[in-house]
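Reader: I would like to learn how to read a model like this one. Please take me through it one feature at a time.

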Amino acid sequence: MKMTFRWFGTGHDPIPLAHIRQIPGCVGVITTLYDKQPGETWERDRIRALKKDAADNGLEISGIESVNVSDAIKAALSDRDRDIETYIKTLDMLGSEGIRMVCYNFMPVFDWTRSELARPRSDGSSVLAYDQERIDGIDPETMLADMDSASNGFMLPGWEPERMARIKELFQLYRDVDSERLLENLAYFLRAIMPVCDKWGIDMAIHPDDPAWPVFGLPRIVTGKESIHRLLKAVDNPHNGVTLCTGSLGSNPANDIPDIIRSLKGRVHFAHLRNVKHRSPGKFEEAAHLSEDGSLDMYEIARALRDIGFDGPLRPDHGRMIWGEKGMPGYGLYDRALGIAYLNGLFEAIDREGRR
Ligand code: DNO
């Protein structure tokens, strides 16, 4: 396992790489080119500049999150083959620059969804939260305005303004796409990119849907054990794998995460570890990483990852906003660094127990 930290790039992330390198055990960053729209090719010099920034600070680029997939590919529009060609070119470029893990998602219209970005907790911190009733009662456009005003002026990953400006049109594109169609479209995309993944050894790590059920009537296809196995079988190549995101899968209390991990030996290429507190069906809020603070057993999750021999990049995921930090919701420095310290402790203890 490689401990890493998500970093949004110079000019986007207020957290300097020089601070990230001081987090104990953190060897690399997970990043992307934030100005790239889905369907655009990544140039070699930009990838090299990213690598150089990291290397100048004693870090590596441990993977890309995300190379985003265009709506033309997700909804099988007439120009999907052109976008797939572009995606392949980008993977070829990344592969030739030594990048071996690419995270992406196949959620229509929205990436992750929350109803609140800064719910106050009794410890004085704030967290992201989700309430299905609230989501059911609002128009996605109203939600966009709320998200905007609560995001501390940061562009939220997955909520890029260029996309959100076209929200109505985006909903239209998916009018005839149900979950079966979406899965077919995903399999079509994966089949096309597997040769370049085989060429360079690039592991594709699909991110689960967050939350793990349909929102705003849009289909979802990566929600739990069964659906994940379906998509892995649809294109049965070891490079077709997943991002094991405990917070996304853990939004549904029916998902037994250690069991899911054990069933995915060899196909977990990236892990996002964080905790989540279930309130009632369809209602949850994020928590500190510690098992005791939420509903997930982080020790069992770490053990399951060790048991399947997971050796890919792992990162803490959304943290609380603490100590007066004004950061991107979920992506401040302090609580994610605390998350790493805690996860390092779990993994060290598990390794040592294993050696007895
Ligand atoms: C949210 C993130 C997601 C994730 C994408 C991967 O905080 O986990 O935005 O990066 O779904 O493409």
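Reader: How many disulfides does the count come to?

Author: A disulfide is a covalent bond between the sulfur atoms of two cysteines. In this predicted model, a pair of cysteine sulfurs has to lie within 2.5 Å to be counted, and the count comes to zero.

Reader: Is C103 buried or exposed? And C197, buried or exposed?

Author: Buried means under 20% relative accessible area. C103 has 1%, so C103 is buried. C197 has 0%, so C197 is buried as well.

Reader: Now the ligand. Which residues come nearest to the ligand?

Author: There are 14 residues around the ligand, and E65, S66, D111, H318 and Y331 come nearest. By type, the shell divides into five nonpolar, five polar and four charged residues.

Reader: Which polar side-chain atoms lie by an oxygen atom of the ligand, and at what distance?

Author: The cut-off for a polar contact is 3.5 Å between N or O atoms. For S66, an N or O atom of the side chain is 2.7 Å from an oxygen of the ligand. H207 has a polar side-chain atom 3.2 Å from a ligand oxygen.

Reader: How much of the ligand does the protein bury?

Author: The ligand taken alone exposes 330 Å², and the protein buries 99% of that.

Reader: Which cavity does the ligand take up?

Author: The ligand takes up the space of the largest cavity.

Note on methods: Residues numbered from 1 in each chain as written. Predicted model: local features only at pLDDT ≥ 70, side-chain atom pairs only at ≥ 80, totals over all residues. Heavy atoms only, no water. Near = heavy atom within 4 Å. Polar contact = N/O pair within 3.5 Å; in protein donor to acceptor, adjacent residues only side chain to side chain. Areas by Shrake-Rupley, 256 points an atom, 1.4 Å probe, with all protein chains shown as cover. 1 Å grid on protein atoms, 1.4 Å probe; cavity = no way out; pocket = protein on both sides within 12 Å on 5 of 7 lines; lining within 4 Å. Sits in = over half its atoms within 2 Å of the grid points. Nonpolar A, V, L, I, M, F, W, Y, C, P; charged D, E, K, R; others polar. Buried < 20%, exposed > 50% of the residue type's maximum accessible area, 1.4 Å probe, protein only.
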